[in-house]
Amino acid sequence: MTFDELEKHATLDANSSVLRLHGIEISTVYYRAGYTPTDYLTPTQFNTRFLLERSKAIKCPSIPLQLAGGKKVQQVLAQPGVLERFLGKDHSKEQLNELRDSWMGMWALDEEGGIARARERALGLVLKPQREGGGNNVYKEDIPAFLDTLSKEERQAWIAMELIVPPEGAKNYLIRAGGTGSVETEVVSELGIFGWSLFGPDQVEEKQVGWLVRTKGKDSNEGGVATGFSVLDSIVLI
Amino acid sequence: MRFLSQSPTFLHLNLKSSAQILFVVQARERNVFDQRWLEYELLEQYMSLLSERVKSLILSAGIRYMYFA
């Protein structure tokens, strides 16, 4: 159902916080919508999301979890001392540094000198807004002109990240459904590991349950399978 | 889901067998890569538990990408 349909049919029991749809209790809410500003064109759609959030149903994801996946949060985690706050108790300084070393450099455009730094290093950067899926980022030589048009208020929504430099010479064939033939090209692959987490009052339970490889032509900046930039791939362990 | 229902936390949630899972989608949703596997798994595991009323509601409410083999 869409947010608009739910606005008409979803109810929340004030005492039990049970979410109901046509009188049927909902145990789990899985969001395939709600990740883009155009899903919230009116206050009503925000209110509907908030109604689902207040219910006792399991939310996939809850609002805090959705925000935690945001680029802004990644950028804040990369700031000095922030990782220590969350993992400092159970991990050594060496372990934290090792983890931090696996990240690319990130900064906020609205921080002191953030814009100037992004202009200087534009060719090695990507600018990212708080969005899911492909098609929203600004890359390399497009960055200076984009920064000219970005208002001071809008800067807060964007972060700059150093581009990952992939290994050279990896060739493969990209095949499009319904298309004719294939394209042989140098490719870049991205491995995603997914799993589930359940957040209880006292404990978190989590498990890795699968993986997904997306591959794109080396010259394409963007990724994303649904947006048509990437293709699904598989791994061969050598 | 099978793997989730084995979780100790999940078992303590006092689940009611009548409760349903809601998929919130965009109007004219066209992204199938994320939810299709979940739908197939759910239908395989739990379709037999759905009442006729729920089946007809799902159909009449226009939930897309629900298939009944």
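**Entry 1. Chain B**

I began with chain B of this predicted model and counted 4 helices and 1 strand in chain B. Following the sequence, I noted the order α-α-β-α-α for chain B. I then looked up burial: of the 69 residues in chain B, 7% are buried.

**Entry 2. Chain A as a whole**

I turned to chain A, for which I recorded 9 helices and 12 strands. Along the principal axes, the C-alpha atoms of chain A occupy a box of roughly 60 × 50 × 45 Å. Chain A has 238 residues, and buried residues account for 15% of them. I also looked up the contacts in chain A between residues at least 6 apart in sequence, and 53% of these join residues at least 24 apart.

The domain assignment divides chain A into domain 1 (3–61), domain 2 (72–162) and domain 3 (171–233). I noted that the centres of domain 1 and domain 2 of chain A, taken over C-alpha atoms, are separated by 32 Å.

**Entry 3. The pairings of β3(A)**

Which strands pair with β3(A)? I went through the partners in turn.

I took β2(A) to begin with, residues 19–21, which runs antiparallel to β3(A), residues 24–31, and is joined to it by 2 bridges. Here Arg20(A) has Glu25(A) in β3(A) as its bridge partner. The two strands form a hairpin with 2 residues between them. In that turn I noted His22(A), whose phi is positive, at about 50°.

Next I looked across to chain B. Strand β1 of chain B, residues 20–24, pairs with β3(A) in the parallel sense, over 5 bridges. Opposite Tyr31(A) I found Val24(B), in β1(B).

I then recorded β4(A), residues 58–60, which runs parallel to β3(A) and is joined to it by 3 bridges. Thr28(A) has Ile58(A) in β4(A) as its bridge partner. Between β3(A) and β4(A) the chain passes through helix α2 of chain A, residues 43–54, and this β-α-β crossover is right-handed.

As a reminder to myself, strands of a sheet pair through backbone hydrogen bonds, in either the parallel or the antiparallel sense.

**Entry 4. Nonpolar cores**

Which residues have the most contacts inside the largest nonpolar core? I found Val29(A), Leu22(B) and Val24(B), in a core of 15 residues. At least two residues of this core come from each of α1 (3–9) of chain A, β3 of chain A and β1 of chain B.

I then listed the contacts of Val29(A), leaving aside its neighbours within four places in sequence. In chain A, Val29(A) is in contact with Leu52(A), Ala57(A), Lys59(A) and Cys60(A). In chain B, Val29(A) is in contact with Leu22(B) and Val24(B). Apart from this core I recorded another, of 11 residues, which includes Ala118(A), Val126(A), Leu127(A) and Val138(A).

**Entry 5. Gln66(A)**

I looked up Gln66(A), which lies in helix α3 of chain A, residues 63–68. Is Gln66(A) buried or partly exposed? Burial would require 20 or more other C-beta atoms within 10 Å, and exposure 12 or fewer. Gln66(A) has 17 other C-beta atoms within 10 Å and is therefore partly exposed. Gln66(A) and Phe50(A) are 16 residues apart in sequence, and their C-alpha atoms are 13 Å apart in space.

**Entry 6. The sheet β5-β8-β6-β7**

I traced an open sheet of 4 strands in chain A, with the order β5-β8-β6-β7 and antiparallel pairing. Its edge strands are β5 (106–108) and β7 (138–139) of chain A, each of which pairs on one side only. I examined β6(A), residues 125–128, and β8(A), residues 159–162, which pair antiparallel over 4 bridges. Lys128(A) stands opposite Ile159(A), in β8(A).

**Entry 7. The sheet β9-β10-β11-β12**

I finished with another open sheet of chain A, made of 4 strands in the order β9-β10-β11-β12, again with antiparallel pairing. At the edges I found β9 (171–174) and β12 (231–233) of chain A, each pairing on one side only. Direction ignored, neighbouring strands of this sheet are turned against each other by 50° on average. I recorded 4 bridges between β9(A) and β10(A), residues 183–199, in the antiparallel sense. Across this pairing, Asn172(A) stands opposite Thr185(A), which is in β10(A).

Note on methods: Residues are numbered from 1 along each chain as its sequence is written. Chains are lettered from A and ligands numbered from 1 in the order in which they are written. This is a predicted model: local features need pLDDT of at least 70, side-chain atom pairs count only at pLDDT 80 or more; totals for chains, interfaces and linings use all residues. Two strands pair if DSSP finds at least two bridges between them. A crossover is right-handed if, with the strands pointing away from the viewer, the path from the first strand over the helix to the second runs clockwise. Two residues are in contact if their C-beta atoms, placed from the backbone, lie within 7 Å. Domain bounds come from an automatic or database domain assignment. A nonpolar core is a set of buried Ala, Val, Leu, Ile, Met, Phe, Trp, Tyr and Cys residues joined through C-beta atoms within 7 Å. Axes are lines fitted to C-alpha atoms, for helices over the stretch in contact, and angles run from 0 to 180 degrees between N-to-C directions.
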